[in-house]
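Dear colleague,

Please find below the structure that I am handing over to you. My notes on it follow directly after.

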Amino acid sequence: MDALRIVGGAALRGVVDVSGAKNASLPAMAAALLADGTSTLRGAPDLADIRTLATLLGHLGVRTTRHGNDLAMDGSGLTGTEAPYELVRTMRATILVLGPLLARCGEAKVSLPGGCAIGARPVDQHLVGLRALGAEIGISHGYVIARAAKGLVGADVTFDMQTVTGTENIMLAAALAKGTTRLHNAACEPEVVDLAELLAKMGVPVHGAGTDCITIEGQKTVSPYDHHVVADRIECGTLLIAGALAGYPLTVRGGNIAHQESLLHKLRTMGCSIAVDAPQKSITIAKPQVVGPVEVQTAPYPGFPTDMQAQLMVPMALASGTSVFTETIFENRFMHVDELNRMGANIRVDGRTAVVHGVKALSGTTVMATDLRASACLVLAGLVAEGETTVRRVYHLDRGYEGLEKKLAKVGATIRRFVEI
Ligand SMILES: CC(=O)N[C@H]1[C@@H](OP(=O)(O)OP(=O)(O)OC[C@H]2O[C@@H](n3ccc(=O)[nH]c3=O)[C@H](O)[C@@H]2O)O[C@H](CO)[C@@H](O)[C@@H]1O
Ligand SMILES: C=C(OP(=O)(O)O)C(=O)O
């Protein structure tokens, strides 16, 4: 199994580039199921979740080929409608094939998905939405079994809570539904906006993406797309925190600056000096003399992303006072805390709140990654810890980051991958 060894204390200098967004590429790949022809997704990061979804598309008859960072997916080969457990167990976003399969084929059987173990993560809202569009849905032996023999029909759908993949799944299904679908209390995340832009390229008018009310005008058939995926705001944020911890200074290039607003606000509050060059899409950040404490609550976009909670906890752990982090999205997303405490942090978790008492230094040791963003947090901690840190189980990291250790090494980090026997 791969692990990462990091020697803490190296200064990070220079420019590091942001890849395309995992969480926008995955719904984009699912959208390729809708069209009879080859869709092209440009800028898709080369990481495990993308490969997993490509394998699943292949199982359904949609061959995916990669040319550099571009993916070509041929939807004309679609033959299967079943997504088996073995292919969906590692990631949540595999549920995104449900909407398009049902819409195009009139049936789908999709195993309930896996993904990061950060909370209960039901898919009831996906099913509520598809039922509203006329699908008959049952759950049997861990599979969602859905049918819409006469096709889906546009409808009003009101979500109980804002769900990112739930919104995306219903948008994908509504693209081939008869008539108009209106999503109320829809997710406003940039990945949803990116999907709306992609659907428009397929010939599906979508209005209101980025607000909590989205309208999709369903079509009889749709065209394949050619789309460049939006930049990964979570990778961008992770690199910015690397800069806040060890930047002398570090420039993070290629992210969408508007998508970083909530993080930049908190980093400035903590004392980081940050220079934004909007035309160049670059943000330059330097490690402050003293990191100040801060209070943060995760929230749906444009609030502070839950996917950045673990990473921001590293500078909090080294702040000159007590910070408070409240996690409102997932009930079990503090699993990195025990490992940070093993590195000398002083963090106490009480329910959904983590109270982070800043310490002078972290010390390197062997730590275990438990999920994707927790792994990124431990890598960041290793960059500033005294001595050597070994991060085990980096397959979690590899799910969602394109060569993170290579990017960090290029700007000065002492970090190396090795295989543990
Ligand atoms: C592949 C992908 O894009 N993953 C992201 C997506 O996950 P994902 O789409 O799974 O997260 P959701 O936005 O659906 O979850 C938000 C909240 O709604 C709840 N919920 C959701 C659906 C449902 O049917 N019922 C229900 O109760 C969830 O348990 C959670 O408490 O958004 C999360 C929140 O920004 C991110 O952490 C994940 O990185
Ligand atoms: C939680 C994440 O992924 P998933 O939803 O696939 O578990 C993530 O990208 O941080």
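A crossing of two helices is called left-handed if the near helix is turned anticlockwise from the far one by less than a right angle, and right-handed if clockwise. Helices (H or I, at least four residues) and strands (E, at least two) are DSSP runs, numbered from the N terminus. In those terms, helix 5 (124-132) passes helix 6 (164-174) in a right-handed crossing.

This is a predicted model, in which local features need pLDDT of at least 70, side-chain atom pairs count only at pLDDT 80 or more, and totals for chains, interfaces and linings use all residues. Residues are numbered from 1 along each chain as its sequence is written, while chains are lettered from A and ligands numbered from 1 in the order in which they are written.

The axes of helix 5 and helix 6 come within 9 Å and cross at roughly 25°. Axes here are lines fitted to C-alpha atoms, for helices over the stretch in contact, and angles run from 0 to 180 degrees between N-to-C directions. That angle makes helix 5 roughly parallel to helix 6 (angles under 35 degrees count as roughly parallel, over 145 as roughly antiparallel, 65 to 115 as roughly perpendicular and the rest as oblique). From helix 5, Gln-125, His-126, Gly-129 and Leu-130 meet Gly-166, Asn-169, Ile-170 and Ala-173 of helix 6; two residues are in contact if their C-beta atoms, placed from the backbone, lie within 7 Å. By class, this contact of helix 5 with helix 6 holds 3 nonpolar, 5 polar and no charged residues. Ala, Val, Leu, Ile, Met, Phe, Trp, Tyr, Cys and Pro count as nonpolar, Asp, Glu, Lys and Arg as charged, and the others, Gly among them, as polar.

Helix 6 also packs with helix 4 (residues 98-105), at an angle of about 15° and with the axes 7 Å apart. Helix 4 is therefore roughly parallel to helix 6. Their crossing is right-handed. The residues that meet are Leu-98, Gly-99, Pro-100, Leu-102 and Ala-103 in helix 4 and Asn-169, Ile-170, Leu-172 and Ala-173 in helix 6. The contact of helix 4 with helix 6 comprises 7 nonpolar, 2 polar and no charged residues.

The two domains

The protein is divided into domain 1 (2-19 + 231-419) and domain 2 (22-228), with bounds that come from an automatic or database domain assignment. Their C-alpha centres lie 30 Å apart. Domain 1 gives 18 residues to the contact and domain 2 gives 16 residues. On the side of domain 1 that touches domain 2, the largest share, 3 residues, comes from helix 13 (residues 395-400). That side has 5 nonpolar, 5 polar and 8 charged residues.

The ligand

Of the 22 residues around ligand 1, Asn-23, Gln-125, Thr-163, Val-164 and Thr-165 come nearest (a residue is near a molecule or strand if its C-beta atom, placed from the backbone, lies within 6 Å of it). Helix 1 (22-31), helix 5 and helix 6 each supply at least two residues of this shell. The shell divides into 10 nonpolar, 8 polar and 4 charged residues.

Helix 8 and helix 10

Helix 8 (residues 233-246) and helix 10 pack at an angle of about 5°, with their axes 10 Å apart. This makes helix 8 roughly parallel to helix 10. Gly-237, Thr-238, Ile-241, Ala-244 and Leu-245 of helix 8 make the contact with Gln-311, Leu-312, Val-314 and Pro-315 of helix 10.

Backbone details

A cis peptide bond joins Tyr-248 and Pro-249, with omega about -10°, and Pro-249 has its place in strand 15 (residues 247-253). The peptide bond from Tyr-301 to Pro-302 is cis as well, with omega near 10°; Pro-302 is found in the loop between strand 18 (295-297) and helix 10 (309-317). Lys-281 has a positive phi of about 50° although it is not a glycine. Lys-281 is found in the loop between strand 16 (273-277) and strand 17 (282-286).

With kind regards
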